[in-house]
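Dear colleague,

Please find below the structure that I am handing over to you, together with its sequence. My notes on it follow directly after.

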Amino acid sequence: MSLMRLTILASAVLTSLAGAAQVQAQTTLRIGIAEDPDILDPSIGRTYVGRIVFSAFCDKLFDIDEKLNIVPQLALSHETSADGKEMTIKLRPGVKFHDGEPLDAEAAKFSLERHMMLPTSFRKSELASVDHVEVVDPLTIKLVLKTPYSPLIAQLTDRSGMMVSPKAAKEAGDKFGLHPVCAGPYKFVERVQQDRMVFEKFADYWNKDNVHIDRVVFQPIVDATVRLANLKSGGLDLIERVLATDIKDVRADPKLVLSTAPELGYLGLTVNIGNDKTKGSLSQSAKVRQALDLSIDREALNQVVFNGEFTPGNQWVSPTHPYYQKAFPVHGRDVAKAKALLKEAGVTTPVTVDYMIPKGAENEAVAQVVQSMAAEAGFDIKIRAVEFATTFKQAQAGEFQIFQINWSGRIDPDGNSYIFMRSKAPQNDGGYANPEADKLMEDGRATSNVEERKAIYAKLTKILLDDLPIIYIYHRTLLIAHTTKLQGYKQMPDGLVRVVGLKFK
């Protein structure tokens, strides 16, 4: 009897130890992000940091590689008709949403129509050319367009291409973003505002053999110095948006790796032209906006704030981009001309400007340099630092005169321009409207011929540099740091953190 008891006891101990080992073997990737995202609903979300989080749990029809080639993800292939008015997409078989529902043609149709028709959707303008979506067979859909739309496939590599569970979306209604259900490598567990977002590995993921980490936790830490300190101490495994001034420090640490890539987007000063309730001179006069533009020394700002690591710019794509208009290069600072323009505009100086920025050391440093430079030309910039998500609510409400904000960028130049400057576009927070610019933006969408598009964008650039609805300042270098224990990380130019393929050694 005593031998039997010992055997049972030994068996229980071994079972307990095995369970403990299993718990201990659970791996967690802790990612430090620079802000707390807005709503985790791909139709409604509009922030860069939100896109970083989406990449862990919300796959898209297509993705991009390091060279900006478009590659399959939830879709296997696409084919565009000769007249450019139909796109047929073949879906990957056997894909499931996190609630076990199948991702078939009906589900893909639902997701695209939700992006197009949801009243609060920010994807409407991205898919505005799509007239309707047809189900061809259980794994094939056809997008029927009103007019040819060359950037469409590029849009489907981002939030417009993210698929959501029809069942979950219908049941949750406008609360879907509180518990999102997609078809990515990780599924949503919980979100505690300003603290963490937790995801766990999805057992039925279509590419599950390439998912090696059990849980992913995103932790919003606004202060970049604190993010880096947490990475160094082992509290985090990866951080995004390392300060340019910390590059040497990261590279000197044998336990850390710095991954970099040129960003597709820009930092710009969105000017409230059409929604400024105060009717300030900045919104009423292009000459005043041109004066502010001329007061800024972009290269000096780059050196002072970023140790020269970023690229000064004046257009919605960087000077190294194929669509950059070299006939309109970045100009130098000209305070005398800026003062002359203010005099021509007949305004009383100093011109007071409400200047809204998201909280954060780097944002504040940029704003302070602009403030100092602009003061010499006759501007009194009042910097107002606001919690990140709140800046977007205030921007949409027109509660700003300048909104200093970074756009992470898209692979097609249309994705950096149309949604911000087309009349009544969903992210045109400044209310800019110019019928000639509108026509050129539509023309740029209608042709896939590169030389034709360049000629169209040359005309558009001239108009926008005169009107200045957005004053472009620079293009970032993406700076991501992680521990040497994390293997397989590659930084893409879209700035997203892709977790598939990552593992701990």
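With which residue does Asp158 form a salt bridge? The partner is Arg159, and the closest N and O atoms of the two are 3.8 Å apart. A salt bridge here is a side-chain nitrogen of Lys or Arg within 4 Å of a carboxyl oxygen of Asp or Glu. Both Asp158 and Arg159 are buried, a word that stands for under 20% relative accessible area, with exposed meaning over 50% and partly exposed in between (1.4 Å probe, protein chains only). Through shared partners, salt bridges connect Arg51, Asp158, Arg159 and Arg410 in one network.

Please note that this is a predicted model, in which local features need pLDDT of at least 70 and side-chain atom pairs count only at pLDDT 80 or more, while totals for chains, interfaces and linings use all residues. Residues are numbered from 1 along each chain as its sequence is written, and side-chain values use heavy atoms, with hydrogens and water left out.

Salt bridges

The whole structure contains 36 salt bridges. One of them joins the side chains of Lys60 and Asp63, at 2.9 Å from N to O. Asp63 also forms a salt bridge with Arg498, where the closest N and O atoms are 2.8 Å apart. Asp63 belongs to strand E2 (residues 62-64), whereas Arg498 sits in the loop between strand E20 (486-487) and strand E21 (503-504), so this pair ties together parts that are 435 residues apart in sequence. Helices (H or I, at least four residues) and strands (E, at least two) are DSSP runs, numbered from the N terminus. The three residues are buried: Lys60 has a relative accessible area of 6%, Asp63 one of 9% and Arg498 one of 14%.

Strand E17

Strand E17 (residues 402-407) is largely enclosed by the rest of the structure, because six of its six residues are buried. Ile402, Gln404 and Asn406 point one way from E17, and Phe403, Ile405 and Trp407 point the other way. Strand E13 (residues 266-271) runs antiparallel to E17 and is joined to it by six bridges; two strands count as paired if DSSP finds at least two bridges between them. Within this pairing, Gly268 has Ile405 as its bridge partner. Strand E15 (residues 351-358) runs parallel to E17, with two bridges, and Tyr355 stands opposite Ile402.

A four-stranded sheet

An open sheet has the strand order E4-E5-E7-E6 with antiparallel pairing. Its edge strands, E4 (75-80) and E6 (130-137), each pair on one side only. E6 and strand E7 (residues 140-145) are joined by six bridges, and Val133 stands opposite Leu143 of E7.

Helix H16

Helix H16 (residues 450-467) has 18 residues, which should span 26 Å at 1.5 Å a residue; its end C-alpha atoms are 25 Å apart, which agrees. The expected span is 1.5 Å times one less than the number of residues. Among the buried residues of H16 are Arg453, Tyr457, Leu460 and Asp467. The buried residues of this helix pack against helix H9 (286-294), helix H14 (418-421) and helix H15 (435-446), where contact means heavy atoms within 4.5 Å. After H16 comes Leu468, whose phi is positive, near 50°.
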